[in-house]
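Dear colleague,

Please find below the sequence and structure that I am handing over to you. I would be grateful if you would read the notes after it alongside the coordinates.

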Amino acid sequence: MFRSRSKDGQAATSKVTADQPQQPRDPQAPKGRPTPKRSDSQSQRRSRAQTPTNRKDAVKAQREARRTDMARQREALANGDERYLPVRDKGPVRRFARDYIDSRWCVAEFFLPMAVVILVLTMVRVPSIQSIALLLWLVIIVLIAIDSVVIWVRLGARLKEKFPKENLKGAKAYAIMRTLQMRRLRLPKPQVKRGERP
């Protein structure tokens with residue numbers, strides 16, 4: 001009388017299933033799904049075996065995957081492999097911008113060596129040499145600004161001509177930032193020689 005109804009229902013269903021004999025499946029009858037290929041089932045079993053069971057193993061596997069991705073990206077930056085480059089360096093537009101910069105001499109790439117020379121000159125306690133150093137600072141900055149404007153205009157025209165339907169957003173700024181690096185320190189490594197038309 002005080003038993004719950006759910007227990008009564010369970011007891012009734014268990015009696016019904018116990019009364020009905022379980023019929024074996026006919027071996028000739030179709031099973032309702034195709035048999036998987038051996039290679040597919042083995043690869044699924046392997047992936048299940050490699051799936052980490054706890055959080056520590058998952059973090060370790062994730063760290064290892066990130067390390068291999070970074071190694072692949074470093075290698076791509078060194079040899080210019082387009083498949084594994086970082087997102088900011090990918091695509092034909094960015095490649096053309098890099099090649100355009102690497103094929104010419106830029107004033108900005110000499111900024112760091114000139115900055116060291118000017119710094120040494122400013123440390124000399126001779127007023128005339130210090131004024132020459134300040135004048136050199138001004139000349140270098142003006143030359144870099146003029147060269148950057150020329151690159152911006154010419155590269156913009158070449159990109160519009162070569163890639164009329166592509167998204168050119170950020171490509172000119174990307175190229176200008178590349179001019180500030182010395183040629184041998186640029187990543188991805190230059191793929192064209194100086195004077196070679198991209």
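The notes below set out what was found, beginning with the basis of the values.

This is a predicted model, in which local features need pLDDT of at least 70 and side-chain atom pairs count only at pLDDT 80 or more, while totals for chains, interfaces and linings use all residues. Residues are numbered from 1 along each chain as its sequence is written, and side-chain values use heavy atoms, with hydrogens and water left out.

Overall architecture

The protein has seven helices and zero strands; helices (H or I, at least four residues) and strands (E, at least two) are DSSP runs, numbered from the N terminus. Of its 198 residues, 22% count as buried, where buried means under 20% relative accessible area, exposed over 50%, and partly exposed in between (1.4 Å probe, protein chains only). Taking contact as heavy atoms within 4.5 Å, 63% of the contacts between residues at least 6 apart in sequence join residues at least 24 apart.

Helix α3 (residues 55–79) has 25 residues and spans 36 Å from its first C-alpha to its last, close to the 36 Å expected at 1.5 Å a residue; the expected span is 1.5 Å times one less than the number of residues. G80, with a positive phi near 80°, follows α3. N79, which is in α3, has its C-alpha 8.8 Å from that of P190, 111 residues away along the chain.

Nonpolar cores and surface

A nonpolar core is here a set of buried Ala, Val, Leu, Ile, Met, Phe, Trp, Tyr and Cys residues joined through side-chain atoms within 4.5 Å. The largest one has 14 residues, and I101, I151, L155 and L159 have the most contacts inside it. Two or more of its residues come from each of α4 (92–102), α6 (127–162) and α7 (171–179), with α4 giving the largest share, five residues. Leaving aside neighbours within four places in sequence, I151 contacts Y100, I101, R104, C106, G156, I176 and T179. A second, separate core of five residues includes A108, I118, A133 and I144.

The buried residues of α7 are A171, Y174, A175, I176, R178 and T179, and their cover includes α4 and α6.

On the surface, L135, L138, V139, V142, L143 and I146 form a nonpolar patch with about 530 Å² of accessible area together. Such patches consist of residues with over 30% relative accessible area and no salt bridge, like charges being joined within 9 Å and nonpolar side chains (Val, Leu, Ile, Met, Phe, Trp, Tyr) within 5 Å; areas come from the Shrake-Rupley method with a 1.4 Å probe, and for residues only the protein chains shown count as cover.

Salt bridges

The structure holds eight salt bridges, each a side-chain nitrogen of Lys or Arg within 4 Å of a carboxyl oxygen of Asp or Glu. One of them pairs R178 with D102 (3.0 Å, N to O). R178 lies in α7 and D102 in α4, so this pair ties together parts that are 76 residues apart in sequence. Both R178 and D102 are buried.

E109 forms a salt bridge with R186 (3.7 Å, N to O) and another with R194 (2.9 Å, N to O). E109 is in the loop between α4 and α5 and R194 in the segment after α7, so their pair links parts 85 residues apart in sequence. E109 is buried, with a relative accessible area of 5%, whereas R194, at 26%, counts as partly exposed. Salt bridges that share partners join D102, E109, R178, R186 and R194 into one network.

Yours sincerely
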